[in-house]
Amino acid sequence: MGLLSDPNRRRALTSLVTRLNTPLCVLCYLVGVSWVMGLAFEPFMLRTYMSENAMGSTMVEEKFVFGERAISYTREFAGQKKKTGGMPVDWLVKTMKSRGLEVYTQSFSQILPFPDEVKERYMVRGTNVYGILRAPRGPRTESIVLSAPCSEGNNNNQAVGLLLAVASHFRSQIYWAKDIIFLVNEHDLIGMEAWLEAYHDVNMTGLRSSPMQGRAGAIQAALSLELSSDVITSMDVALEGLNGQLPNLDLVNLFYAFCQKTGVLCTIQGKLQRNDWDTLPGYTHSLSTMLLMVLKQGSGRPQGDHGLFLRYHIEAVTMRGINSFRQYKFDMTTVGKLIEGMFRKLNNLLERFHQSYFFYLMPSLTRFVSIGYYMPAFGFLALILVLRALDLWVQLSDPARALEDGVSEGEQDSSPSLLSLATPVIICHLTGLALYILPVLSQEMAIQHFPVSETEAVVLTAIAIYVAGLALPHNTHRVLSGAGTERGWRSLKLFSLLYLAVLLGCTTLINFSLGFILAVTMIPVTAFIQPHTSSKVLHGVALILVSPATTLLLSIYLYHELIEYPVSLLECWQHFLTAVSQGILDHHLYGSLLYPLIALFIYPCWLQFWNIVFWK
Amino acid sequence: MAIHRVGVAVFVLVATAILAAESEPNQVESEKLQDVSGEAVFSDAEGGFKTGDGASITVPGQAEAPPHPVETGQADSAGRRVSIEVGSDRVKQPVADEELENLQAEFDLQDAPQQSEPVPTPRDHFAEELVIRPLLSGDIYTSFQFRTRWDTDLHRGKKVSHYRLFPKSLGQVISKFSVRELHISFTQGFWRTAQWGQPLLSAPPGAELWVWFQDSVADVDGAWRELTSVLSGIFCASLNFIDSTNTVQPSASFKPMGLGNVTEQRFLRYAVLPREIVCTENLTPWKKLLPCESQAGLAVLLKSEKLFHSSYHSQAVHIRPVCKDTACRETSWELSQTLGIVFDLHASGQSKREWSLFKMFSRTLTEPCPLASSSKVYVDVTDNPLGEELFDLSPAVSLQTQAVVLGDRRTFTVYDLLTPEPYGPTRSLNILLKWRQQDSVDMQRPVLHTERYVSGYGLQTGEINTLLYNSHPFRAFPVLLMETVPWYLRLYIHTLTVQSKGKENKPSYIHYLPSKDRQRPHLLEMLVQLPPHSVTKVTVQFERALLKWTEYTPDPNHGFYVSSSVVSAMVPSVVAMDTNSTEGRPLFTTLFHSTEESSYFMRVYSEPLLVNLPTPDFSMPYNVICLTCTVVAVGYGSLYNLLTRTFQVEEPSGGLTKRLANVIRRLRGVPAL
């Protein structure tokens with residue numbers, strides 16, 4: 001401020017900003033990107049540690065020995081599932097009851113906005129079964145959840161079997177201080193959403209479900225179990241929840257601590273930890289692990305049943321048993337011990353998880369990057385927008401300087417009218433609104449006129465609106481104020497840059513990965529586009545390359561590269577179509593915010609830049 | 001009862017007439033009782049009650065004393081509690097005239113030990129008993145009761161200094177604080193109504209204390225404050241945490257259970273500490289109040305290592321004045337100490353499903369307390385009729401008795417410990433229950449039961465939901481619901497809704513006392529009619545207040561407790577519900593609308609709630625101080641500087657040389673440059 005109050009110094013500063021603007025921006029971008037790359041370098045990371053005192057050590061004597069029983073439950077469950085052709089509700093109720101649990105069922109039904117072709121469902125009707133183990137001498141105020149999905153085919157039978165075996169072991173213990181809810185949910189996430197909504201007596205997604213009978217107070221933590229084989233080679237942990245929410249880092253640490261104790265190999269993003277951080281392969285390994293997390297978190301999709309708990313401030317992770325070709329296998333007893341240990345520690349929780357980090361990235365299970373370390377990277381990227389905006393502001397407020405800069409300007413035009421600026425902004429946002437509303441709304445009409453299925457209709461409508469947005473009559477200012485003025489596009493660009501900065505800033509605070517992906521693609525191009533007549537095509541192509549849809553396409557490609565399952569361009573396009581339909585479905589089924597964010601804000605903002613390119 | 005007009009229904013818990021053991025069932029003068037029952041729940045003064053949205057509900061019907069002469073039968077020799085329901089709806093219930101009274105005794109002991117010897121009876125008596133009820137879930141419920149009665153007056157200025165059986169610590173408390181009635185309970189765990197049926201005595205999780213003071217007490221709040229501190233010392237509990245923020249004066253839900261004619265609610269104080277943990281340190285002082293402590297009698301079973309290896313533990317002390325004799329001209333004091341425990345089948349790792357005293361308490365009974373005038377063990381064998389036995393009971397004794405417990409006629413096998421018979425040749429009594437079936441049988445769902453939860457998510461608002469289940473197939477009955485909510489949950493009382501079967505169910509009586517920040521809690525009482533076979537949902541929304549940072553508990557992220565809501569009701573009995581059970585009974589018994597067991601008084605407690613409040617990160621103050629200082633120093637300082645500075649053109653002053661030259665010139669007396 002002292003700097004600014006001196007007219008001389010202010011002048012010097014502004015001249016510095018305007019003259020060195022481009023080099024500064026390039027520098028910021030390079031620093032920002034390399035900062036993120038550097039985060040995956042082990043000396044720059046923090047080692048994970050347990051913050052919660054109640055979880056301090058793993059000194060628990062695990063007594064679970066019922067691996068065989070778990071397998072027999074699995075067989076029985078599989079048989080019953082085959083017999084009933086779905087969830088064997090009666091059998092589950094009977095089995096849980098005979099184990100001494102308080103058993104309740106909850107039935108629900110949901111009609112999807114359009115058929116889900118991946119999971120082949122449209123009208124979903126199902127039943128969740130849950131048994132509550134009441135804590136002896138507990139007043140029913142707190143509980144922990146262990147859930148296992150009842151999936152199609154033979155998936156996750158072992159998870160249910162192990163859940164039952166663990167339940168019967170837990171039931172005969174006296175030390176529980178919190179009620180434990182054993183939940184078998186049907187139709188994976190839809191069932192989970194139905195159960196959670198009924199438990200908290202809210203209705204956000206238009207689900208219809210029977211009123212819930214038994215409750216067990218405030219849920220403190222939840223584990224979701226996925227197991228599809230009798231033996232496993234490693235245990236994978238999935239963290240990313242709805243809208244990129246993450247569970248408290250202490251819960252992840254707890255999982256890691258007990259994996260260490262029981263000797264189970266544990267992975268994150270399906271990747272084992274490597275010790276050779278100082279070699280290039282070691283570095284790329286941790287970088288790709290981190291990038292995978294960024295991509296998954298950025299997608300805003302829950303990566304397991306746990307993902308929906310996070311909205312209710314219930315810390316949860318999904319544990320996924322992996323059975324690969326590795327020699328050494330772990331049996332059900334070991335997995336049971338792992339669960340028992342974690343539950344006994346969770347049972348000791350005096351307070352909700354609140355000590356450790358809620359915002360972090362994990363390049364490996366023992367290392368993490370906290371919000372304080374990754375935010376500067378975005379800060380540098382956002383600085384570009386601010387610098388460009390400052391430059392534009394200076395040019396606008398001091399036209400003489402703009403003239404000096406060599407930009408041809410015939411006459412000193414008056415400042416552009418509000419109307420000529422507001423019109424493109426409004427048109428862009430209306431296009432976004434159409435993109436948000438029309439695909440689902442007009443699917444009926446689309447399938448009448450075109451030989452496509454509902455899902456294809458929705459996706460293709462969305463793409464059509466997206467592309468049509470590019471061809472809209474953007475140059476309204478010509479009609480309104482004669483011709484596109486220099487000041488006009490500068491004002492519009494100034495507004496758009498600040499708008500983008502605010503949008504990305506807010507997004508990054510909530511979901512760093514999403515914000516960062518958008519920032520790293522959109523910022524460099526949007527910062528430098530100008531309505532040049534000569535390189536209009538070049539600018540246009542560059543802008544299209546960073547449009548949200550292209551970013552999605554490239555992210556899908558990168559994701560498949562990172563999981564070492566490369567796809568061809570055509571497959572990638574197929575995945576892209578699926579991703580669009582899943583994104584819309586996620587929004588309607590679970591309240592994912594990615595689709596509305598893109599459609600209502602990011603895309604219109606991008607259209608404004610498109611408008612600037614074709615200003616003249 | 002389905003058309004019972006709740007506004008006129010009056011619940012009165014009347015003083016019981018404790019009769020001398022030898023006396024026959026007798027009739028207490030109706031005037032005397034009229035005094036007690038004359039105070040209706042709804043006094044005229046409270047004819048109109050404000051509801052949340054400003055409308056006022058007028059209690060229908062006349063809020064006068066019941067017009068009918070109230071006659072009451074005798075209670076029972078064990079007479080713990082007698083409840084009388086006075087229905088005064090003449091139009092709807094013509095039959096009710098004759099059948100007004102409904103007495104129920106928890107234990108109907110016909111044959112108390114004979115004490116009618118000419119020797120002067122001692123002025124105090126002690127009786128002990130243990131009730132064992134096998135629950136159909138396979139668990140077992142044991143309920144101890146130790147009762148001391150003392151025929152003296154602790155209040156009339158006489159200084160009582162000689163204590164025999166009655167504990168001196170409590171006697172002094174009664175006389176010092178002019179307590180008329182005192183009920184205190186410590187409970188660890190929640191009674192699982194759906195699995196276990198009704199408890200003999202219900203209590204909320206945590207500590208509950210309610211006291212009626214004498215009408216001579218001028219400063220009730222002061223007396224209450226001191227009393228809680230004293231009791232906190234006696235019972236080694238955190239009762240001193242009871243202050244004005246969790247004390248209420250219920251207008252209708254709690255009535256005196258003993259003798260007395262004051263029902264003015266300003267002499268009543270009620271508080272619950274839902275967070276109180278009950279453990280051995282509370283049990284030991286409780287045992288010390290017993291005449292034989294835990295040296296002899298039933299109390300030898302009370303070893304804490306076993307008692308706390310259970311699913312439910314509830315200990316209580318009740319002190320109340322009772323009639324000394326049938327004439328009821330003098331009062332005696334009755335102290336009853338109760339302890340209810342449920343032992344868990346699964347946690348004890350039983351495959352054979354058998355329970356014995358030794359297994360439960362790791363002790364057997366060898367002798368009664370020598371000071372006891374009665375010492376008995378009852379085993380509930382109602383679910384074990386001859387022919388289709390669910391369990392085997394040994395040692396077998398022939399003595400059986402029947403009693404009406406909570407509207408259900410139950411049969412008990414009695415072991416009288418004062419006689420040598422139950423001990424057998426081994427000189428020790430180890431009652432053994434062996435289940436024949438291996439599977440648990442589902443318990444019949446109780447007629448009234450509640451459930452409570454907080455709905456919504458996020459830390460700004462929420463909703464308290466109370467579900468009231470009436471599972472009676474055809475009878476509606478009214479219940480009094482009382483909710484006490486701490487001030488930091490700001491109730492939006494206009495959002496109060498009561499719904500049964502999807503329709504609005506307007507409470508006929510609402511008493512709402514809003515909270516005052518940091519002073520008193522919300523108190524919401526309402527009388528709701530529960531339709532038959534229905535779920536009634538009472539919801540009210542709240543906003544979570546942001547506390548001052550010193551007001552948070554040491555573990556703020558654990559959440560804050562909201563105490564259990566209390567549901568008091570006259571519940572239609574299970575016996576009346578069962579229409580097939582008339583067989584074997586004389587036909588004329590079905591002529592009357594209300595039989596002996598037609599309805600009974602019951603109090604049900606819901607779960608306490610754990611609510612998270614918005615909690616600051618407590619390491620934050622440091623960060624905030626740093627940040628604020630920086631912002632103030634840099635931002636504000638320079639802004640202030642900019643705003644207040646006056647810019648003026650300054651003559652360029654010379655450099656250092658010039659200044660030096662000036663100094664020299666001044667020294668020389670030459671004018672400066």
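A salt bridge here is a side-chain nitrogen of Lys or Arg within 4 Å of a carboxyl oxygen of Asp or Glu. By that rule, four salt bridges cross the interface of chain A and chain B. This is a predicted model, in which local features need pLDDT of at least 70, side-chain atom pairs count only at pLDDT 80 or more, and totals for chains, interfaces and linings use all residues. Residues are numbered from 1 along each chain as its sequence is written, and side-chain values use heavy atoms, with hydrogens and water left out.

**Where the chains meet**

- Chain A gives 37 residues to the contact and chain B gives 40 residues, contact meaning heavy atoms within 4.5 Å.
- About 3200 Å² is buried between chain A and chain B, 53% of it on carbon and sulfur atoms; buried area is the accessible area (1.4 Å probe) that two parts lose on being put together, summed over both.
- Arg140(A) and Glu607(B) join their side chains in a salt bridge, at 3.6 Å from N to O.

**A helix pair in chain A**

- Helix α13 (residues 418-441) and helix α17 (residues 486-510) of chain A have axes that come within 10 Å and cross at roughly 45°.
- That angle makes α13(A) oblique to α17(A); angles under 35 degrees count as roughly parallel, over 145 as roughly antiparallel, 65 to 115 as roughly perpendicular and the rest as oblique.
- On the α13(A) side, the contact is made by Leu421(A), Pro424(A), Val425(A) and His429(A), while α17(A) brings Gly488(A), Ser491(A), Leu492(A), Phe495(A) and Tyr499(A).

Terms used:
Chains are lettered from A and ligands numbered from 1 in the order in which they are written. Axes are lines fitted to C-alpha atoms, for helices over the stretch in contact, and angles run from 0 to 180 degrees between N-to-C directions. Helices (H or I, at least four residues) and strands (E, at least two) are DSSP runs, numbered from the N terminus.
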